[in-house]
Amino acid sequence: MSFSTFIQHCLTGISLGGAYALISIGYTLVYGILLLINFAHADIFMMAGYFMIFAMASFPWQVAIPIVILATVVLGVVIERVAYKPLRNAPRMSVMISAIGVSYLLQNLATYLFSALPQGYPTIPPLKKVIQLGSVTTSLVTLITPVLTILLVILLMLLVRHSKFGMAMRAVSKDFETSQLMGIKINRVVSYTFAIGSALAAIGSILYFTDRMSVTPFSGTMPGLKCFVAAVLGGIGSIPGAMIGGFIIGITETFLVAFGYSTYSDAVTFLFLIIILIVRPTGLLGEELTEKV
Amino acid sequence: MSLLEIQDLRVNYGGIKALKGISFTVEEGEIVTLIGSNGAGKSTTLKAISGLLKPAAGKIMYGGRDITGLDAQQTVDQGVVLVPEGRKIFPNLTVLENLKIGAYLRSDKGKIQQDLERVYDLFPRLKERSWQKGGTLSGGEQQMLAVGRALMARPRLLMMDEPSLGLAPLVVQDIFKIIGEINATGTTVLLIEQNASAALKLARRGYVMVTGEINLEGSGSDLLANPSVQEAYLGSQSRRHARL
Ligand SMILES: Nc1ncnc2c1ncn2[C@@H]1O[C@H](COP(=O)(O)OP(=O)(O)OP(=O)(O)O)[C@@H](O)[C@H]1O
Ligand SMILES: [Mg+2]
């Protein structure tokens, strides 16, 4: 492998990792607040792919992107309201099953509406712009993804650590009842959390599908699982953890494919999951898991 | 008109009747205490007033308004503030954040700052530790923080659920002294205590709860002198004297 091919793979890996990171944050945020693994998150991401196809059919990309983000946010928030909120006081397992149900519902709905055939993902011209860096050729999306990811993560962490809303989020993540006694509206905090997670998934989907070029109703499943593993790897509940996990998984996957082990690239993700659960169950940056009272 | 008037309040947990129709009043400016053995329904009463629990029947009148069935955010907004059993401070928030979150519904920045200073005056220990995570405080410090956090909401009715639980006798004295001071500045206090003798000494009036009902009421000093109260709640002392 020549040096320039190595750099090429690094860039691709970092870029894929950035998209994974954005999706992982959705898992980590929701888990942090509700202790729920939101299985539907992968399919929200997939739906964002279809939203883009339709938005670009009628609008230029500058308008299409905000529309896609908005539509995905609405989808995420509505799913929470309809499928999770009524189960707020139910056992965690019930909510989990509801999430799995929503996941299948979205996949089947997408199959029904858009057929199971791959639909071409539209080209967003500036993202596809080819860039020459010395002997390395790459598209702009490869460079934008990691920068945008890190920027969004920094913004999100500022929000969580230093804003009044972030303080409410952290309080709710520890104790619903006491948060209510402070005057915090739990449902509002949960809705905003889903909104943030969905918006990041929408941005992640644009970056991801621009490289993959097509969407199917099952396009969310594998990346979704990998991003969930990334969130666990980084320490579920931790935002920087999810980002690091996303990058690790994305870079590993890219290099496995580059060395000709693409058959194993998915398996290795789950090997990571098993190893981390055995060696360090709290993940790289996770705190001790405290049961909510 | 009483500040708080509870009429025939009933609360169930599924099939369990935790409150079987209790009635009592708290006048503006008073300290009233609710005593009773474990499981009598004291915490349930405060949670129902806060809006954390929805009553099955009965009425909660506050400042002349019916607040039955309001959510916790709404009662807090009206000045009904609960210091919950077991302190329940947020372990992942700093001491300062824990205090600020007490003022979550308020937007008067200047006054919030004043109240923060006041809480720090009351509990200098909290000021020294303002950057520490709440979870790293000692039990007594956490109780001070829980009280301070409640004060940040500017309570008109401050309800405290066993503030002395698990604290050393000297710290308990401090807490009771501070409850007295808070009351002296005009805040009405509804106090639940296991430490019945200290509570009855501090309170103007008290109610004794037994398995979801109120079966005795009177002024603090009357209840303190009442033989059946002594037997049940101040028991250890009198029995020890009897044996000697
Ligand atoms: N979440 C709950 N689910 C079912 N039963 C409950 C629940 N909370 C309280 N109870 C029951 O309701 C009754 C009253 O409980 P409550 O917590 O109000 O008692 P308490 O007077 O505060 O007791 P303590 O002094 O031990 O704190 C008890 O019998 C208790 O077992
Ligand atoms: Mg209690």
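**A close look at one site**

Guide: Start with B:Ser43, which counts as buried at 18% relative accessibility (buried is under 20% relative accessible area, exposed over 50%, partly exposed in between; 1.4 Å probe, protein chains only). This is a predicted model, where local features need pLDDT of at least 70, side-chain atom pairs need 80 or more, and totals for chains, interfaces and linings use all residues. Residues are numbered from 1 along each chain as written, chains are lettered from A and ligands numbered from 1 in written order, and side-chain values use heavy atoms, without hydrogens or water.

B:Ser43 sits in helix H1 (residues 42-50) of chain B, and B:Glu85 in the loop between strand E6 (80-83) and helix H3 (95-102), so the pair ties together parts 42 residues apart in sequence (helices, H or I, at least four residues, and strands, E, at least two, are DSSP runs numbered from the N terminus). B:Glu85 is partly exposed, at 35%.

Now chain A. A:Arg88 lies in the loop between helix H3 (61-84) and helix H4 (92-114) of chain A. A:Arg88 is buried, at 18% relative accessibility. Beyond its neighbours within four places in sequence, A:Arg88 is in contact (heavy atoms within 4.5 Å) with A:Leu34, A:Glu80, A:Phe176, A:Asn187 and A:Val190.
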